[in-house]
Amino acid sequence: MANGAEIFRAALAEILKRGSSDGGGIAAFREKAGEIAKRDGCAQHEALRKARIERPDLYRALEAKPIVLEKADAPRTVNTQARAAFASKVRDIAKRDGVAEHVAMSRTRNEHPELFLALQ
């Protein structure tokens, strides 16, 4: 799952990809971020963050349009039957070989690739 910084960067990237259909708001925000990047010698994402803080009026104008993040950012659902089958085999291998669970997971993946593929 994405953390706050990743969501912020994704949202800003989406805003900046929209073009200048908002009457120049995006261009003004980009220009301010560019000035900050030159002034402070920082990376683009840091300049965008600083621009948001220094010029909240420009950022609020961009926020007026809702941002829809890609469905790929949503958490994946895993087949519970596949998870249970894989976990059961992990326990069996851990008991059989007398190893820790993380080692048994690796061995299960190698010995039973079909169970691992079902998780994907």
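I began with the charged side chains of this predicted model, and noted that Lys32, Glu35, Arg39, Asp40, Lys50 and Glu54 are linked in a network of salt bridges. When I searched the whole structure, I found 10 salt bridges. As a reminder to myself, side chains of opposite charge can pair when their charged atoms come close.

I next looked up arginine 96, whose side chain meets that of aspartate 97 in a salt bridge at 2.7 Å, N to O. I recorded arginine 96 as exposed, with a relative accessible area of 52%, whereas aspartate 97 is partly exposed at 30%.

I then followed arginine 96 to glutamate 111, where the two side chains form a salt bridge with an N to O distance of 3.0 Å. Because glutamate 111 lies in helix H6 and arginine 96 in helix H5 (residues 80–97), this pair ties together parts that are 15 residues apart in sequence. For glutamate 111 I noted a relative accessible area of 37%, which is partly exposed.

I turned to arginine 107, which meets aspartate 97 through a salt bridge between their side chains (2.9 Å, N to O). Arginine 107 belongs to helix H6 and aspartate 97 to helix H5, so I read this pair as tying together parts that are 10 residues apart in sequence.

Last, I checked serine 106, which lies in helix H6 (residues 101–111) and is partly exposed at 42% relative accessible area. From serine 106 to phenylalanine 116 I noted 10.0 Å, C-alpha to C-alpha, for a separation of 10 residues in sequence.

Note on methods:
Residues numbered from 1 in each chain as written. Predicted model: local features only at pLDDT ≥ 70, side-chain atom pairs only at ≥ 80, totals over all residues. Heavy atoms only, no water. Helix = DSSP H or I, 4+ residues; strand = E, 2+ residues; numbered from the N terminus. Buried < 20%, exposed > 50% of the residue type's maximum accessible area, 1.4 Å probe, protein only. Salt bridge = Lys/Arg side-chain N within 4 Å of Asp/Glu carboxyl O.
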